[in-house]
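This report goes through the sheets, turns, helix packing and pockets of a single protein chain.

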Amino acid sequence: MAWIGVDWGTSSLRGARFDEQGAVLEERAFARGILTVPKGEFAAVFDECFGDWMAAPGMRCLISGMAGSQQGWLEAPYCACPAGADDVAARLAWVERGRIAIVPGLSCEHTGALDVMRGEETQVFGALRLLGIEAGTFVMPGTHSKWVRVERGRIEGFTTSMTGEFYALLRRHSILARTLPTDDAELHEAAFDAGVAHALRSPGLLQSAFSVRTLSLFERVALNERASYLSGLVIGEELRMQHLNGGEHVIAIGDPALTQRYERALAQRDVRVRSVGSQATWTGLFAIAVKIDP
């Protein structure tokens, strides 16, 4: 098989060319997320970025991420959980039959509400393959963090926490913004740890968030430490809602700067972390590709 994988998100576009065993031969990245592409111009942008790769005889492409959303190239209907790589491969949305396909996102229902993901499912399948496991609890930190449960190689369910978005809202558009520095400084570990600890013992973020203001009023937290404290609060709130047992392992997928914060925060709940980086996306795309019927 000759394959390329593409991760087409809201703000970025990445691609990788694989060999027959799934090893990455070459990578490319562009600032051409779906929000930068006018309607009807996805094919042109794709050709501009990857047309030379696709010119090779028999080359096929698998795309994950927001390219399959209503605002993307072609809407790929969600695949319901539980789902494994074979289920996803059977539900691809073909842009060009046998040549270019988009991976469907996943949906699940919990506590009477629906939840969805696009792109994270591919990362989970990749992490499973990289680590040689078939079960586990996964966290993917970000604007909308995902917590995923996997059993026997199938995603059984997941939840979304708007952690990054709430941090940005509180950081820039609440009364707390007046007590915070203009720019985020480097992580202050002690302040971050204090924020996590306060969130874990608090009834909820609606109450704990006000401590940013009161600690500032009484100068209990220095100006350059306050953003780290707020970061600890929102991440701690996310962890407070998770059903985790002491001694458990969690697999974190994503940018090291974020996964390291989660590793630090989860230590307060006696939970250990294994981290997997961006390679999970490429490995996951190849794991889905090999499940596609010839």
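Which residue stands opposite Leu106 in S8? Cys79 does, and the sheet to which this pairing belongs is taken up below.

## Basis of the description

This is a predicted model, in which local features need pLDDT of at least 70 and side-chain atom pairs count only at pLDDT 80 or more, whereas totals for chains, interfaces and linings use all residues. Residues are numbered from 1 along each chain as its sequence is written, and side-chain values use heavy atoms, with hydrogens and water left out.

## The three-stranded sheet

An open sheet with mixed pairing is formed by three strands in the order S5-S8-S9, where strands are DSSP runs (E, at least two residues) and helices likewise (H or I, at least four), numbered from the N terminus. Strand S5 (79–80) and S9 stand at its edges with a single partner strand each, so one side of each is left without a neighbour in the sheet. Two strands count as paired if DSSP finds at least two bridges between them; S5 and S8 pair in the parallel sense over two bridges, while five bridges join S8 to S9, which run antiparallel.

Glu109 has Leu114 in S9 as its bridge partner. S8 and S9 form a hairpin with two residues between them, and Thr111 in the turn has a positive phi of about 50 degrees. In the loop between S5 and helix H2 (85–89) lies Pro82, and the peptide bond from Cys81 to Pro82 is cis, with omega near 0 degrees.

## The six-stranded sheet

A further open sheet, of six strands, has the order S3-S2-S1-S4-S7-S6 with mixed pairing. Its edge strands are strand S3 (24–30) and strand S6 (93–96), each of which pairs on one side only, and the twist averages 20 degrees from one strand to the next. Within this order, S1 and strand S2 (residues 13–18) pair in the antiparallel sense over five bridges, and Gly15 in S2 is the bridge partner of Val6.

## Helix packing

The axes of helix H8 (residues 226–240) and H9 come within 10 Å and cross at roughly 65 degrees; such axes are lines fitted to C-alpha atoms, for helices over the stretch in contact, and angles run from 0 to 180 degrees between N-to-C directions. H8 and H9 are therefore roughly perpendicular to each other, a term that covers 65 to 115 degrees.

## Pockets

About 1100 Å³ of space lies in the largest pocket. A pocket is an open set of points on a 1 Å grid over the protein atoms alone, where a 1.4 Å probe fits and protein lies on both sides within 12 Å along at least five of seven lines; lining residues have an atom within 4 Å of a point. The volume is the space filled by probe spheres set on the points, with grid points joined across faces, edges and corners. The largest pocket is lined by 37 residues, with Thr10, Met66, Arg118, Glu120 and Gln123 nearest its centre. Among the elements that each supply at least two lining residues are strand S1 (2–8), helix H3 (120–131) and helix H9 (256–266).

The second largest pocket has a volume of about 410 Å³. Of the 17 residues lining this pocket, Trp147, Arg149, Thr159, Gln242 and His243 are the closest to its centre. Strand S8 (106–110), strand S11 (145–151) and strand S12 (154–161) give two or more residues to this lining, and S12 gives the most, with five residues. In the loop between S11 and S12 lies Arg152, whose phi is near 55 degrees, a positive value in a residue other than glycine.

How values were computed. Parallel < 35°, antiparallel > 145°, perpendicular 65-115°, else oblique.
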